[in-house]
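Subject: Two-chain model for your files

Hello,

Here is the model I said I would pass on. My notes on it follow below the structure.

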Amino acid sequence: MNLKTRKILDRAFAGSGVFSILLMTAALVVLLAPMLIRGWSAIYFVATVEHRQLMLERFERGNPERVAAEINAAIAARAPLYRMIAAFEKQLETCDPENRKRYAPPLRELKKALHSLLGPAPGAIRPMLMRDQYGQMRWDRALVKLRNVLYREAWDYSDPTRGGIKSLKPRAAEFAGTPVEPLFAYLENNLDKMLLPRRTLYWQFLTDNSFDSHFFGGIWPEILGTFYLAVGAMLFAIPLGLIAAIYLTEYARETRLIGILRTCISTLAGVPSIVFGLFGLAFFINTLKVSSSKSVLAGALTLALMILPTLIRASEEAIRAVPHTYKEAALSLGAGRWHTVMSVILPAALPGILTGIVISMGRAAGETAPIIFTAAVSVGKPLALWQVFSQPTPALSWNIYNLATEHEAVDAIRHVQYGLVLTLVALVLVLNLAAIFLRARVSKHLKG
Amino acid sequence: MDTKTQNIALHDRDMPSLLLSHSARRRQRLAAVLGNGLLLAVTSFSMLAVLFIFLFIARDALPFFQHDGLREFFTSTRWYPSAGNPEFGALAIFFGSAMVTFGAILVAVPLGIAAAVCLSDVIPFALRQFVKPVIEMLAAIPSVAYGFFALVVFAPLLQQQGGHLLAVAVWIIGLPSAVLAIIVLSDVAGDRLNDRFQSLARWGIIIVLGSGALVGLMVIGKSLSALRIASGTNAFNVAIILGIMALPTIVSVSEDALQSVGRELREGSYALGATRAETIVKIVLPAAASGILAAVILGVMRAIGETMVVWMASGNASQIPQPWYNMLEPVRTLTATIAGDMGEADQVTGSSRYHVLFAMAFCLLVFSFVCNLASERIIRRARQKAGG
């Protein structure tokens with residue numbers, strides 16, 4: 001081949017490597033960007049007067065007089081809507097049955113759509129479910145609901161090859177010539193006066209309990225549950241992992257038994273996480289009966305098994321990185337082997353071991369599959385410390401899955417889902433960044 | 001080290017009186033043996049854990065195989081565990097697992113090896129310090145966050161813009177490779193002829209093949225653009241995401257393998273006049289082949305054992321796609337089946353429905369065990385070869 005061609009090929013080769021690294025970076029950015037951007041909207045968003053009313057009624061937050069004044073202003077702005085509907089209903093009572101039949105279903109639908117936008121009509125009975133007691137808390141959701149009031153979704157199934165085709169029909173046309181017709185224009189023009197949107201920082205999202213299957217409130221039970229699970233797993237795994245690492249590096253001779261042990265550790269590292277979950281169910285709950293059903297304890301034990309190999313490997317590496325001279329100096333001063341390990345090697349390896357601990361903790365906090373059958377429930381109160389031995393808990397990772405797939409109104413609580421994801425990812429990444437920082441310091445320390 | 005301890009041992013046999021009294025020494029030795037035993041016992045805990053995992057998964061899997069036999073499980077595609085007359089044909093589920101894993105490997109292996117080569121041989125050390133954290137972060141992001149992304153962001157995107165996305169991807173990959181292929185072909189063909197026709201032949205090849213490739217790419221791109229994807233939660237979506245998840249493993253393990261190929265080999269190749277690409281492709285990669293194979297095996301394990309992404313975004317339809325290689329159809333995998341069905345089977349502990357999930361877990365366990373042994377043996381052998 002030509003030298004020129006060979007050079008081109010060489011460049012292309014290097015280029016493909018750089019391309020794949022750029023692609024990897026791009027993947028990371030694309031992955032994190034929506035979580036960061038939309039995750040914030042769980043905490044910082046445009047809240048309506050309904051949100052402030054909820055805060056006052058459930059948590060006694062905010063200035064009662066000011067909120068009351070706002071609620072009154074909103075009620076005053078909404079009054080014409082209900083007047084129009086009342087007038088139309090009165091008219092229907094007196095008109096002929098055919099007209100009544102024609103207008104009754106669309107009117108019912110309209111009232112339902114209005115209810116989900118603005119909450120119960122004044123004077124109505126207080127509904128049982130909390131989600132029916134308030135209008136939309138968030139301006140972005142309110143705009144979605146406004147569209148539901150203004151337009152009716154219609155599905156066209158006439159073409160069997162393409163499935164249903166959605167079209168939007170304005171409700172105003174359905175009520176043409178009735179007292180309700182001006183309602184739509186009035187609603188569209190005055191929605192901000194009815195809901196009084198304002199930018200709000202709802203940092204209590206992180207510390208509030210959730211209400212009515214996550215329609216309202218925050219994610220405190222999930223955060224606490226993840227904390228319990230991760231810390232519990234570390235409590236079991238750290239002593240085991242550390243001792244194993246010390247034994248493998250300082251005591252063990254390379255016998256056949258140690259070879260098998262090492263194979264077992266790497267096998268444990270390769271076991272799929274869902275298998276750990278099944279094992280936790282079959283062993284910790286069904287056989288050992290550490291608790292009568294799912295519990296934080298069983299979940300933490302399962303997670304501890306899962307992160308044990310990571311912890312052993314990281315600690316082993318950290319201990320091996322301690323220069324030989326340290327150990328030899330200690331031995332030559334007459335220290336025993338155990339004494340050397342405890343007073344010289346472990347302190348020198350500590351930052352490296354901490355790195356391993358921090359990374360494993362992130363892994364334990366983020367893992368879902370092992371806790372599905374052993375510890376996780378979708379809705380629950382925050383647990384007190386003594387309840388961890390017998391009670392299951394909600395957890396960040398499990399609830400992301402649960403709210404994104406199994407919740408009854410997945411679209412209505414997107415912000416909660418994104419808030420959960422952001423919290424979990426931020427937690428794990430902060431732990432990992434701490435590990436990276438620690439390691440940079442360690443390598444400097446051991447070099448210098 | 002060995003000779004040193006021997007020396008010390010000899011030494012203190014000569015002068016026992018200098019050190020400790022007889023009984024104190026015995027006590028110390030006893031303590032050492034006991035301590036050693038205790039440490040070994042704690043260390044053996046992981047061995048015990050592996051043993052127990054195999055034991056307990058097998059114990060609950062066995063009743064299924066005893067009661068329902070192997071044949072239906074491995075050969076039928078009819079998966080109706082909750083029917084009045086339940087059927088447990090898991091072939092489609094095995095196929096789904098294999099399909100998404102294969103797709104993930106297709107994504108992750110070329111990218112991962114290219115990135116590893118780039119990290120070890122191309123970019124300077126200072127830049128590497130910035131790339132490493134990217135890989136670590138990709139590895140650290142919890143699987144449920146990947147699953148959420150696949151379900152909430154990627155699936156709707158695929159459903160609405162999937163055809164265009166595929167077309168763009170084909171152009172991005174196809175155009176540079178076509179250009180390179182044409183350059184190489186024209187060069188090789190040109191070398192065979194004598195000087196007078198050389199440039200003529202070369203340009204002729206470039207024009208003919210170039211226009212052919214352009215037309216081909218356009219046709220493929222057009223047909224892909226027109227593609228309508230019925231559902232965004234399908235095997236393709238999951239394969240891409242699993243590929244990204246397997247990347248960090250593959251990159252870091254194969255980078256280690258590339259690094260362990262010594263400088264001497266590379267320098268020898270450079271001294272013979274090879275370019276960097278030729279050195280890597282002909283010398284370094286073959287020398288590191290076993291390490292890279294181990295990396296691929298670990299990547300396979302990561303992809304096949306992953307639960308949350310496939311559970312959330314694979315569509316969970318227990319069927320073999322039509323035709324079988326169609327990745328744009330929903331599939332169902334072993335892990336997702338275990339995770340999804342256990343919630344319902346939990347109440348009927350002891351039924352076939354409960355045990356069949358353990359049977360699947362057992363298959364996964366055995367597979368990962370075999371993969372692990374294979375990768376370990378490959379790495380150990382490579383290390384011995386490098387050392388000897």
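This is a predicted model: local features need pLDDT of at least 70, side-chain atom pairs count only at pLDDT 80 or more; totals for chains, interfaces and linings use all residues.

**A helix pair across the two chains**

The cut-off above applies to helix H11 (residues 273-285) of chain A and helix H3 (residues 45-68) of chain B, whose axes cross at roughly 75°. H11(A) and H3(B) are therefore roughly perpendicular to each other. Their axes come within 9 Å. On the H11(A) side, the contact is made by A:Val275, A:Leu278, A:Phe279, A:Ala282 and A:Phe283. H3(B) contributes B:Phe52, B:Ile53, B:Phe56, B:Ile57 and B:Asp60. By class, the residues of this contact are nine nonpolar and one charged, with no polar ones.

H3 of chain B also holds B:Val50. Is B:Val50 buried or exposed? The count for B:Val50 is 23 other C-beta atoms within 10 Å, and a residue is buried if 20 or more lie within that distance, so B:Val50 is buried. With neighbours within four places in sequence left aside, B:Val50 is in contact with A:Cys264, A:Thr267 and A:Leu268.

**The interface as a whole**

How many residues of each chain take part in the contact between chain A and chain B? There are 69 from chain B, in contact with 73 from chain A. On the chain B side, helix H7 (residues 143-192) gives the most, with 14 residues. That side of chain B divides into 51 nonpolar, 13 polar and five charged residues.

**Helix H12 of chain B**

Helix H12 of chain B runs over residues 289-304. Its 16 residues should span 22 Å at 1.5 Å a residue, and this agrees with the end C-alpha atoms, which are 22 Å apart. H12(B) is mostly covered, with 14 of its 16 residues buried.

**Domains**

Chain A is divided into domain 1 (49-200) and domain 2 (220-447). The C-alpha centres of these two domains of chain A lie 50 Å apart. In chain B, domain 1 covers 2-43 and domain 2 covers 56-158 + 233-387. Taken over C-alpha atoms, the centres of domain 1 and domain 2 of chain B are separated by 48 Å.

Regards

Key: Residues are numbered from 1 along each chain as its sequence is written. Chains are lettered from A and ligands numbered from 1 in the order in which they are written. Axes are lines fitted to C-alpha atoms, for helices over the stretch in contact, and angles run from 0 to 180 degrees between N-to-C directions. Helices (H or I, at least four residues) and strands (E, at least two) are DSSP runs, numbered from the N terminus. Angles under 35 degrees count as roughly parallel, over 145 as roughly antiparallel, 65 to 115 as roughly perpendicular and the rest as oblique. Two residues are in contact if their C-beta atoms, placed from the backbone, lie within 7 Å. Ala, Val, Leu, Ile, Met, Phe, Trp, Tyr, Cys and Pro count as nonpolar, Asp, Glu, Lys and Arg as charged, and the others, Gly among them, as polar. Domain bounds come from an automatic or database domain assignment. The expected span of a helix is 1.5 Å times one less than its number of residues. A residue is buried if 20 or more other C-beta atoms lie within 10 Å of its own, exposed if 12 or fewer, and partly exposed in between; C-beta atoms are placed from the backbone.
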